[in-house]
Amino acid sequence: MITNFFEGIGAYAMLMSKVFRRPDRWIIFYRALLQEIRLLGLDSIGIVAVLSVFMGAVVTIQTALNLSDPLIPAYYIAIATRESITLEFSPTVVSLILAGKVGSNIASSLGTMRVSEQIDALEVMGVNSANFLILPKIVAQLLFNPILIILSIALGLWGGYMAGGALGLISFTDTLIGYRMEFMPFYTFYALIKTVAYAFIIGSISAYCGYTVKGGAVEVGVASTNAVVRSCLAIILANYVLTDLILNA
Amino acid sequence: MFGHHFSELCVDRFNLERMIQVKGIHKQFGENRVLKGVDVDFIPGKTNLIIGRSGSGKTVFLKTILGLYDPDQGSIHYGDEVLGEMTKERRMLLRQELGMVFQGGALFDSMTVAANIRFPLEMFSNMTEHQKDERVSFVMDRVRLQGSGDMFPAEISGGMQKRVSIARAISMNPKYLFCDEPNSGLDPETAIVIDQLIQELTHEFNMTTIVNTHDMNSVLEIGDHVVFMKDGYKVWEGTNNEVLGSTNADVEEYVFKSKLFKQVRVALRK
């Protein structure tokens, strides 16, 4: 098992060395990039929006229930909600959801191309198939996931604002005061650093799982599951390492 | 082993630049030895067929010649160059001189028929858009696919998919054409059309074509040079005219397995 793990790491590193090369034709790369941004990014806006609004609402409700003390100012609820969403919920939870949605998409599409010999066809033509197929997917996520996370933070805060006010847990005015109080722009920067790291993890691990499929439809399904599980584990591990390195340094 | 006609083909049509020579190829996966020292000279400008039962090593042999698998021993020569000794850049250039028709077509399912055929031109040629349009139109006409350019692979029949695959393979005017089971899954009539198309294109563009098949109709129809493989060995080679008269026991057993060919043998002996 340990041998397999290290063999896998080696194969992953070798694949990435094939991926990060200069594209054969830039114009074709840009076209593929725009297509991937639409498929992997724009098509994820809906789920990210719904998830973020309700996540913000739940965080506000739970924080309000835990801070229901007359000695604690109400705007503290909003401060805690803001920090929770910015530091953890939006970058990490949304990335875990994207690992499921985008990761399985990448692994299954590449896996299907592998078993139907489309990747072999590219190789026979002299195309660096890893670079041609995987690089646009990774770059699309590196570019678009930060936008999704910024959107997620904004909608999460809006969800908290609406839920807190509508349920009478915190007034709209206190929420706005709390959201603005002692705001540290670095925390948003930290969230974006994590997002970029997670985007790379999702894109590269899912692509590795799909690109190296051997067999048929069953193996494509297994690869898709592996892509999600491995991406999620890697995100959780990276979350710990990055938090320690950036916030605890 | 080789008949008079086969020798004549080698001498008359010899063209070193387009010749593929395979020397002592061995290939194994884990403990499974698939190729056990295969030597073949494929004739330039002709249709070369590799035949044999399922599991005889045909597909691995073809993919090794193409460079999709690296041989464990032996060498593959394209003209006077050895595949294994080529630089990465030269190997990439060589691949642009190869056309491949895969068993399942291997068409890019997110692209239309025309986009599939145009793809190699977009990637590797310096043609203008107008020249690319003309080339795609010419190739589509040549494989009789007029009017299908805007359709997707999922919307066309198996025979049409094979023709699209052939069109894509020849769009860059390759020196070498490889076909892996081009007739699999096709009805006999369409299979003959595909065979004839491969034969016509081979002669028209003077390509060295290697076809992997187990279809005896193809062997008799287009087999300028036939290589018979069994258990990872080459056990016989000759022409389509020689295959029915071969005295090799393995070839006889393979060729005359069906009732139809048994009757053909009886008729031939009369």
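This briefing describes the fold, the cores, the surface and the charged contacts of a predicted model.

Local features are given where pLDDT is at least 70, side-chain atom pairs count only at pLDDT 80 or more, and totals for chains, interfaces and linings use all residues. Residues are numbered from 1 along each chain as its sequence is written, chains are lettered from A and ligands numbered from 1 in the order in which they are written, and side-chain values use heavy atoms, with hydrogens and water left out.

**Chain A as a whole**

- Chain A contains nine helices and zero strands, where helices (H or I, at least four residues) and strands (E, at least two) are DSSP runs numbered from the N terminus.
- The order of elements along the sequence of chain A is α-α-α-α-α-α-α-α-α.
- The C-alpha trace of chain A spans about 70 × 40 × 35 Å along its principal axes.
- Chain A has 249 residues, of which 47% count as buried; buried means under 20% relative accessible area, exposed over 50%, and partly exposed in between (1.4 Å probe, protein chains only).
- In chain A, 86% of the contacts between residues at least 6 apart in sequence join residues at least 24 apart, a contact being heavy atoms within 4.5 Å.
- The accessible surface of chain A is about 11800 Å², and 71% of it belongs to carbon and sulfur atoms; accessible areas come from the Shrake-Rupley method with a 1.4 Å probe, and for residues only the protein chains shown count as cover.

**Nonpolar cores**

- A nonpolar core is a set of buried Ala, Val, Leu, Ile, Met, Phe, Trp, Tyr and Cys residues joined through side-chain atoms within 4.5 Å.
- The largest such core has 56 residues, and those with the most contacts inside it are A:Leu15, A:Val19, A:Leu98, A:Val127, A:Leu133, A:Ile134 and B:Phe119.
- Apart from this core lies another of 43 residues, including B:Leu145, B:Ile194, B:Met216 and B:Val226.
- Neighbours within four places in sequence left aside, A:Val127 is in contact with A:Asp24, A:Leu122 and A:Phe132, and also with B:Met92, B:Phe119, B:Met123 and B:Phe124.

**Nonpolar surface patch**

- A:Ile2, A:Phe5, A:Phe6 and A:Ile9 form a nonpolar patch on the surface, with about 460 Å² of accessible area together.
- Patches are made of residues with over 30% relative accessible area and no salt bridge; like charges are joined within 9 Å, and nonpolar side chains (Val, Leu, Ile, Met, Phe, Trp, Tyr) within 5 Å.

**Cysteines**

- Zero disulfides are found over all chains, a disulfide being a pair of cysteine sulfur atoms within 2.5 Å.
- The sulfur of A:Cys209 is too far for a bond, because the closest cysteine sulfur, in A:Cys232, is 11 Å away.
- A:Cys232 is likewise in no disulfide, and A:Cys209 is buried at 7% relative accessibility.

**Salt bridges**

- The structure holds 22 salt bridges over all chains, each a side-chain nitrogen of Lys or Arg within 4 Å of a carboxyl oxygen of Asp or Glu.
- A:Arg82 and A:Glu83 form one of them (3.3 Å, N to O), and A:Arg82 is buried with a relative accessible area of 2%.
- B:Asp72 and B:Lys27 form another, with the closest N and O atoms 3.9 Å apart.
- B:Asp72 is in the loop between helix H2 (58–66) and strand E4 (73–78) of chain B and B:Lys27 is in strand E1 (residues 20–29), so the pair ties together parts 45 residues apart in sequence.
- B:Asp72 is partly exposed at 45% relative accessibility, whereas B:Lys27 is buried at 11%.
- The side chains of B:Glu97 and B:Lys175 also meet in a salt bridge (3.7 Å, N to O), and this pair links distant parts of the chain, 78 residues apart.
- B:Lys175 is buried, with a relative accessible area of 18%.
- A network of salt bridges links B:Arg118, B:Glu122, B:Glu129, B:Lys132 and B:Asp133.

**Positive phi angles in chain B**

- B:Arg144 is not a glycine, yet has a positive phi of about 60 degrees.
- B:Arg144 is placed in the loop between helix H5 (129–142) and helix H6 (158–170) of chain B and is partly exposed at 41% relative accessible area.
- B:Asn206, also a residue other than glycine, has a positive phi near 50 degrees.
- B:Asn206 is placed in the loop between helix H7 (188–204) and strand E8 (208–213) of chain B and counts as partly exposed at 28% relative accessibility.
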